Amino acid sequence: MPNATIIALIPLLPLAGFILLGLFGRKIFKTSSGVIGTALLLTSTILALYTAYDYFFVYGKVAGVYQQFIPMKLTWLEFSPGVSIDMGLTVDSISVMMLVVVTFISLMVHIYSLGYMKGEERFPTYYAYLGLFTFSMLGLVLASNIFQIYIFWELVGVSSFLLIGYYYNKPSAVAACKKAFIVTRFADLGFLIGILILSNSAGTLDFNTMISTLTSPDSDAVKNAAATSFLGASALTWGAALVFIGGAGKSAMFPLHIWLPDAMEGPTPVSALIHAATMVVAGVYLVARLFPVFALTTPAVLEIVGWVGAVSAIIAAIIACTQTDIKRVLAYSTMSQIGYMMFALGVSHYGGEAGLGYTASLFHLFTHAMFKALLFLGAGAVIHYIHSNDMKDMGGLRKYLPITHITFLIACLAIAGVPPFAGFFSKEEILLAAYQNNMTIYWIALITSGLTAFYMFRLYFSIFWNKPHVVHGEKHGPAASVKTSEGKEGGFVMMLPLVLLAIGAAAAGFIPFGEFVSTDGKALESHFHLQFSIAPVALGLAGIFTAMWLYKKQNNKPEKLAASFNGLYKAAYHKFYIDEIYLFITKKVLFNLIGRPAAWFDRNVVDGLVNFSGNATEFVSEKIKKMQSGKVQQYAIYFLGGVIVLAAVFIYIWK
Amino acid sequence: MMNPGLYHILFLSAALFFIGVYGFLTRRNLITMLMSIELILNSVNLNFIAFNKYVWPEKMDGLFFTLFIIAIAAAEAAVAIAIIINLYRSHQSIDVENAEDLKY
């Protein structure tokens with residue numbers, strides 16, 4: 001059996017770090033806070049790795065099937081017998097896998113930030129926030145109760161908000177953090193309603209009971225819920241769809257993705273941790289956690305999941321080809337890859353070989369965390385060196401940043417799906433799952449995979465090749481004066497995570513993932529079809545060579561190409577005007593139709609009532625204030641009059 | 001000689017009461033107003049005594065009430081005179097028309 005204390009410690013250690021650094025960081029641990037946070041997280045990571053080893057190789061497998069354990073469950077708030085909010089720990093293959101991913105990536109980011117954030121004024125606050133985020137994410141992963149997941153879901157949202165807005169004196173960062181919070185919060189409203197619908201039909205908030213109730217087609221709960229319909233869909237379908245909206249908001253799925261590119265205003269390591277590797281996959285994790293419900297009870301919603309994922313994947317990939325801010329390219333790439341995970345879930349079925357999509361999705365989640373964190377941290381190293389986010393300021397950096405160059409190249413190869421790097425294996429499985437179930441999605445995925453290779457290598461060649469690097473000091477704008485570490489690549493603490501993650505990105509694909517994670521816990525044989533791999537790899541290589549042809553040397557081919565695709569290029573450059581559509585809907589439609597009438601109502605009716613009572617009081621008191629004349633005898637007359645009236649009342653009327 | 005009955009005494013008491021009220025409302029001198037209040041209180045005392053004697057002769061409640069009212073009247077006179085003295089010190093007058101600073 002798993003040891004509850006050890007597993008509980010994994011999230012609690014970062015929480016301890018948050019409390020310690022949040023309360024005392026600014027006074028006592030001014031410079032040591034980074035080391036403290038990192039040390040606590042290192043302990044967490046070791047415990048997580050130990051738990052994973054223990055689970056997968058010692059006690060997890062019973063009769064060839066990975067079991068689920070709930071080593072601890074505390075009832076936190078009981079509404080009625082059976083319906084309670086619990087704080088529990090779930091140990092099963094996906095939660096253990098996520099524990100490893102979250103702690104490992106978070107540890108890399110902690111170490112990296114020691115160098116990247118050095119000298120920041122709010123250094124302890126930064127580490128406190130990182131601790132809070134890690135705690136929330138681990139709590140989310142371990143949740144055994146759907147309401148517990150919701151609580152941590154919101155905590156994750158808050159810490160993301162705090163970290164995006166870390167540079168709070170930068171107006172764009174403030175706008176970005178508000179946008180991220182509002183958009184995800186809006187999606188979470190759907191999640192909450194979905195939770196209420198699902199728990200109402202299942203009669204419980206506990207994951208296991210809920211899943212077993214909702215997936216047995218004979219149970220009364222399912223029959224009743226299926227009979228209740230609203231707008232042509234059953235209550236369960238609505239519940240599952242609303243839960244998915246929550247997941248789509250957090251995972252930046254079209255059309256709720258608008259916050260993710262702006263979230264890049266945060267410090268780069270934060271982007272690596274939250275907006276690339278861990279938080280944004282929470283939506284995938286949520287769908288995976290409730291996968292039996294989606295697959296067995298509401299297949300229609302799973303279909304929606306698949307299509308939303310596929311559309312997000314291709315749209316984001318097209319947009320990524322045109323952006324020039326390197327972090328934005330990576331942000332859209334993240335969105336595209338999460339789209340991959342989503343549609344992999346969408347095309348999956350429950351149980352046995354048909355559950356390949358599920359395994360592939362989580363496998364891709366795992367490998368993506370490695371290479372996307374690596375890409376972001378590499379981009380951070382570049383930004384740290386060049387003090388700009390814009391591709392146009394970069395070029396020819398391969399001699400100046402050798403380690404970053406090599407690791408970035410590995411990550412690019414991994415994400416492009418070139419064998420034998422990690423992305424190849426997971427992407428193959430996803431494509432295979434799509435091929436077996438939905439040809440349209442398969443073609444979308446194939447095109448996306450070509451585009452992925454293209455935009456990643458566009459990024460790579462623009463940063464490290466292209467035009468020669470202008471040495472600072474001659475002419476490089478105001479950045480030259482700020483620069484002190486000319487010719488240096490960032491210290492050991494920044495390079496170590498890059499190297500470790502590069503090893504992960506190169507080797508993670510060889511993990512026989514299907515043996516550990518599958519829909520029903522039975523090992524899933526992963527087979528490779530050589531013929532099947534030809535198409536995606538060829539497309540990937542084509543993308544790489546196109547990018548090389550266009551961007552390796554400085555030339556005017558990209559501009560010509562952009563001009564020949566004028567309409568599409570412009571639309572993609574402006575992110576398909578989705579932000580503008582949102583602005584139109586909110587500013588023009590919502591503000592005019594709801595905001596203005598509400599403001600009018602507030603200003604005239606509500607304020608009017610308040611002002612009326614004030615004015616009426618003033619008017620009346622102005623009239624009667626003369627009664628308080630200061631003349632004692634006048635008061636006596638009023639008093640006497642009152643007594644006489646009362647006497648008359650008591651004598652004649654109120655006998 | 002005719003013994004006075006309840007109604008005689010009530011008449012006297014009512015007369016005293018309204019004389020007191022009239023004095024309180026019309027006189028401008030604070031001392032006189034204080035005396036008017038004493039008249040009102042004494043009219044009440046008379047009522048208590050009269051009802052006690054003619055309606056419940058076996059009880060003492062009216063008498064006790066009267067005693068209390070006399071005590072209170074004495075205390076009240078002390079307080080009122082203190083106020084009047086202070087008023088005189090600040091206003092150089094005990095005319096109630098001059099003491100109307102506490103108003104709107």
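Good morning. I begin where the two chains meet: the axes of helix H27 (residues 632–653) of chain A and helix H1 (residues 6–26) of chain B come within 8 Å of each other and cross at roughly 140°. On the H27(A) side the contact is made by A:Gln633, A:Ala636, A:Ile637 and A:Leu640, and on the H1(B) side by B:Val21, B:Phe24 and B:Leu25. Two residues are in contact if their C-beta atoms, placed from the backbone, lie within 7 Å. Six residues of this helix contact are nonpolar, one is polar and none is charged. Here Ala, Val, Leu, Ile, Met, Phe, Trp, Tyr, Cys and Pro count as nonpolar, Asp, Glu, Lys and Arg as charged, and the others, Gly among them, as polar. Axes are lines fitted to C-alpha atoms, for helices over the stretch in contact, with angles from 0 to 180 degrees between N-to-C directions. Helices are DSSP runs of H or I with at least four residues, strands are runs of E with at least two, and both are numbered from the N terminus.

A word on the source. This is a predicted model, in which local features need pLDDT of at least 70 and side-chain atom pairs count only at pLDDT 80 or more, while totals for chains, interfaces and linings use all residues. Residues are numbered from 1 along each chain as its sequence is written, and chains are lettered from A and ligands numbered from 1 in the order in which they are written.

Taking the interface as a whole, nine residues of chain B are in contact with 11 residues of chain A. The chain B side has six nonpolar, three charged and no polar residues.

Helix H27 of chain A also holds A:Ala648. This residue counts as exposed because 11 other C-beta atoms lie within 10 Å; the cut-offs are 12 or fewer for exposed, 20 or more for buried, and partly exposed in between, with C-beta atoms placed from the backbone. A:Ala648 lies 98 Å from A:Leu496, C-alpha to C-alpha, at a sequence separation of 152 residues.

Now to chain A itself. It has 27 helices and six strands, and 51% of its 655 residues count as buried.

Within this chain, helices H2 (residues 33–59) and H3 (residues 93–116) have axes that come within 9 Å and cross at roughly 155°. H2(A) is therefore roughly antiparallel to H3(A), a term for angles over 145 degrees. Their contact comprises 13 nonpolar, 10 polar and no charged residues. Among those taking part are A:Gly34 and A:Gly37 in H2(A), and A:Phe104 and A:His110 in H3(A). Thank you.

Notes
Angles under 35 degrees count as roughly parallel, over 145 as roughly antiparallel, 65 to 115 as roughly perpendicular and the rest as oblique.
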